[in-house]
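Hi,

Here is the model I promised to pass on. Have a look, and my notes follow below.

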Amino acid sequence: MLTDEELRALAADLESDRVERKRVLNSSTRDKIAQTICAYANDLPAHGAPGVVLVGMNDDGTTSGLDVNDKLLLDLGGIRSDGNILPLPIVTVRKVRIGSDDVAAVVVEPHPDPPVRYEGRVWIRVGPRLATASRDDERILVERRRASDLPFDRTPVHGASVADLDGTMFAQSYLPAAVSADVLAENGRSRAEQLQALHLLARGGEPNVTAILLLGVDPGSWFPMAYVQFVRWGGSDMDAPILDQKELRGPLPQVLRDADAIARLNIRTETQIEGGSTEQRRPDYPITAIEQLLRNAVLHRSYEVQAPIYWYWFDDRIEIHSPGGLYGRVTPEVFGEMTDYRNPGVAEGLRVLGFVQRFGWGVRAARRRCAENGNPPPEFQFQPSAVLATLRRRR
């Protein structure tokens, strides 16, 4: 991490291509800042050192007197987590004193798994030039991946090949959602090059774990426990009779679509007459809360653990048991407020396919929908190897 002294030295170096200066953050500069974050994350010049966007500075190196408050820092941090830069860049935002003024410093680390895209484009910077990457630029970035540093879902599935992926789904659904239309129109890349550029093939050409989970023809043949076990009980404990049970298998997008359909079938809605004539319909559970907690389990579970996600629906509550404890910087105290990704490839893919709207939003959305519907807030229990999420029925 750069020290304040190092940031001040970079701010004073008007020739360095590791620094971008912006007077303010507004609607016109936000897009350029996001592009620059993407370019610094790709680190095409191979500096191997962070790039910095200094908000509150002029191009000539003088400060602009900007009020660097908490809202500005939060807004800058939101550029990282709004889901438009994929894979998620490694960014810190903080205030630093330069001269007589405060400046907001957005520090971007080189990403271990390039290329990084902003709104479907790979941005690069060499010297003062900020541009979209050429085919050769992307190839350089792909070859530079640090395989030893990759998380489990980016590692190769040995023995698998491109034939184990659903090519139609990739071409018709994933690729158009991941890459902007004008880039696709001039795209002369082969299918293997497209898969590699989207972090779905390992350096040796085998599909990685993410590719099999998202696009595999038969993910269960490679990861037998990568499914959701649904059980509907006719009571409030496991001694009650089983009314329904299903194993939701297949590529993760299909698993989530099937889960959404099951949730809708099992929700009960009651009609209340208020004031003698006003009809109000309330479900016993808000569908958004169920969807978000299931997506959270699929996204954050450990796929190395030999256990499925257990989804138990009792008369008075819903339980979602996710294998794998809290990950990285996330603790019980900051759960739902801070996000760290055990499976960044799966997170990227679910964001591309529309199952994740923005990163770090799911638990907060579930809490909000429960409050609006009259349900108690979701409950969470944390163990070293599992997380249990519980939704209580609206009374």
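Before the pairings, a word on terms: two strands pair if DSSP finds at least two bridges between them, and helices (H or I, at least four residues) and strands (E, at least two) are DSSP runs numbered from the N terminus. This is a predicted model, so to speak of local features we need pLDDT of at least 70, side-chain atom pairs count only at pLDDT 80 or more, and totals for chains, interfaces and linings use all residues. Residues are numbered from 1 along each chain as its sequence is written, and side-chain values use heavy atoms, with hydrogens and water left out.

Strand 13 first. Strand 13 (residues 309-313) pairs in the parallel sense with strand 9 (residues 228-233) over five bridges, and there Val231 sits opposite Tyr312. Strand 13 also pairs with strand 14 (residues 317-323), this time antiparallel over four bridges, with Tyr310 opposite His321. A hairpin through three residues links strand 13 to strand 14. Four of the five residues of strand 13 are buried (under 20% relative accessible area, with exposed over 50% and partly exposed in between, 1.4 Å probe, protein chains only).

Then there is an open sheet of four strands, in the order 3-6-7-8 with antiparallel pairing. Strand 3 (85-86) and strand 8 (129-132) are at the edges with a single partner strand each, so one side of each has no neighbour in the sheet. Two bridges connect strand 3 to strand 6 (residues 117-118), and Leu86 has Arg117 as its bridge partner. Strand 7 (residues 121-126) and strand 8 are joined by four bridges, with Arg125 opposite Leu130. Their hairpin has two residues between the strands, and Gly127 takes a positive phi near 65 degrees there.

Finally, the largest pocket has a volume of about 1200 Å³. On a 1 Å grid over the protein atoms alone, a pocket is an open set of points where a 1.4 Å probe fits, with protein on both sides within 12 Å along at least five of seven lines, and lining residues have an atom within 4 Å of a point; the volume is the space filled by probe spheres set on the points, which are joined across faces, edges and corners. Of its 38 lining residues, Arg80, Leu88, Val91, Arg329 and Thr339 are the closest to the centre. Helix 3 (70-81), strand 4 (91-98) and helix 12 (362-373) are the elements that give two or more residues to the lining, and helix 3 gives the most, with seven.

Cheers
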